[in-house]
Amino acid sequence: MKKLANVFLTITAGVFMTFLIIKIMPGDPVTILANELRSTQGISEADAMSRAISMLNYDPSQPLLQQISHFILQLLRGNLGTSIRFRTPVLSIVFSALPWTLFSAGVATILSYMVGTRIGLMIAWSKNKRLNMVTETLTSMVGSFPDYIIGFFLVSLFAVQLVWLPSRGAYGSQVTVGLNLPFLISVGRHGILPISAIFVVYLANWILNMRGSAMNVMHQEYIKYARARGLSDGVIRKKYVGKNARLPMITTLGTTFGLLLGGAPLIENIFSYPGLGYYLNTAIAVRDIPLMQGMFFMIIVTVVGANVIVDTLYGYLDPRLRRQSE
């Protein structure tokens, strides 16, 4: 119950901060839409304002707390309003965009974690000072580059110069959407560049983090005890050093995934990838408040959910935490 209460309070605080940020942003989309309705439908100003407020699920004249209460009440009814830019229910846009973001960010996060932790463990185990120095220098350089810079580089090389991969969209216009091989192949080809841009940057971070964690574990007493028992290097590296060095990385994994969802607008905008970030960037550009609210809410829920899952998984993987809870 305590964990559920923390989740509820975190989401509520996130919604409140989202409304506060949107509230202080300049511009009034209700007035803009009302003026458009008056000019196109010839209705009165009062009717136009009332219809605009109903369409957008947003009333700028209401106090902030009342707006939040109204938003949550409508959310419980499955209504996030209508997008100003796309003239489509926000909830349908969210449900259509979320799978693409989960696909790109999820694949990139999992791959970078698996490859990076393995490379970091190998480097730490080798104890080669020159290799450690070269690796630290290269990974620090690559990790310092923003993912959108890597994205621009990948587009210019593989899409513009070599013309090997598509640079825009989530799939080709010539394929039929559905569970068929041409569509899945097209989705895979269109996802290579955005996934690679995220993968390269976070791979460097995982290598450095895992190397440091593994080097710390290697100095623990139970590692010396394992060597004294005559266990092979392979067993010690895999079952003792690798397993225990990855435990702190589990928490970082949830945080990284959350940061990817928040930072997706830049990458998805470069590749016109129809995920949460792409629509959030579009909403901010045109002051589409209902769409902004929906995207921010979805990002908050996804980040909180990812951290809850990681915390639960961490407690399951670490026997010490299980004993404490018991």
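Predicted model: local features only at pLDDT ≥ 70, side-chain atom pairs only at ≥ 80, totals over all residues.

Trainee: What percentage of the residues in the chain is buried?

Mentor: A residue is called buried when its relative accessible area is under 20%. The chain has 326 residues, and the buried share of them is 42%.

Trainee: What share of the contacts with a separation of 6 or more comes from residues 24 or more positions apart?

Mentor: Contact here means heavy atoms within 4.5 Å. Among contacts in the chain with a separation of 6 or more, those between residues 24 or more positions apart account for 71%.

Trainee: Which element gives the most residues to the largest nonpolar core?

Mentor: This core has 38 residues, and W100, L193, A214, I236, V241 and F271 have the most contacts inside it. Two or more residues come from each of α5 (90–126), α7 (147–161), α8 (181–217), α9 (221–228) and α10 (233–270). With twelve residues, the element that gives the most is α8.

Trainee: Which residues does V241 touch, not counting residues up to four places away in sequence?

Mentor: V241 is one of the residues with the most contacts inside the largest nonpolar core. Apart from residues up to four places away in sequence, V241 touches L121, W125, A214, V217, M218, I223 and I236.

Trainee: How many residues are in the second, separate core?

Mentor: Its members include A283, M292, M295 and I300. A283 is also listed among the buried residues of helix α11. The number of residues in this second core is 27.

Trainee: Is R211 buried or exposed?

Mentor: R211 lies in helix α8. R211 touches G120, I123, A124, N132 and E136, leaving out residues up to four places away in sequence. Because its relative accessible area is 12%, R211 is buried.

Trainee: With which residues is L203 in contact, leaving aside neighbours within four places in sequence?

Mentor: L203 is found in helix α8, and its relative accessible area of 16% makes this residue buried. Leaving aside neighbours within four places in sequence, L203 is in contact with S112, V115 and G116.

Trainee: How many residues of the contact of α1 with α4 are charged?

Mentor: From α1, the residues are V15, F16, F19, L20 and K23, and they meet L64, L65, Q67, I68 and F71 in α4. The residues of this contact divide into eight nonpolar, one polar and, as charged, one.

Trainee: Which residues of α11 make the contact with α5?

Mentor: The axes of α5 and α11 come within 7 Å and cross at roughly 130 degrees, so α5 is oblique to α11. On the side of α5, the contact is made by I93, V94, A97, L98 and T101. On the side of α11, the residues are L276, G277 and Y279.

Trainee: Where is R87, which has a positive phi although it is not a glycine?

Mentor: Most residues other than glycine have a negative phi. The phi of R87 is about 55 degrees, and at a relative accessible area of 43% R87 is partly exposed. The place of R87 is in the loop between α4 and α5.

Trainee: Does V163 count as buried or exposed?

Mentor: V163 is in the loop between α7 and α8. Its phi is positive, near 55 degrees, in a residue other than glycine. The cut-off for exposed is over 50%. Because V163 has a relative accessibility of 60%, this residue counts as exposed.

How values were computed:
Residues numbered from 1 in each chain as written. Heavy atoms only, no water. Core = buried A, V, L, I, M, F, W, Y, C linked by side-chain atoms within 4.5 Å. Buried < 20%, exposed > 50% of the residue type's maximum accessible area, 1.4 Å probe, protein only. Helix = DSSP H or I, 4+ residues; strand = E, 2+ residues; numbered from the N terminus. Nonpolar A, V, L, I, M, F, W, Y, C, P; charged D, E, K, R; others polar. Axes fitted to C-alpha atoms, helices over the stretch in contact; angles between N-to-C directions. Parallel < 35°, antiparallel > 145°, perpendicular 65-115°, else oblique.
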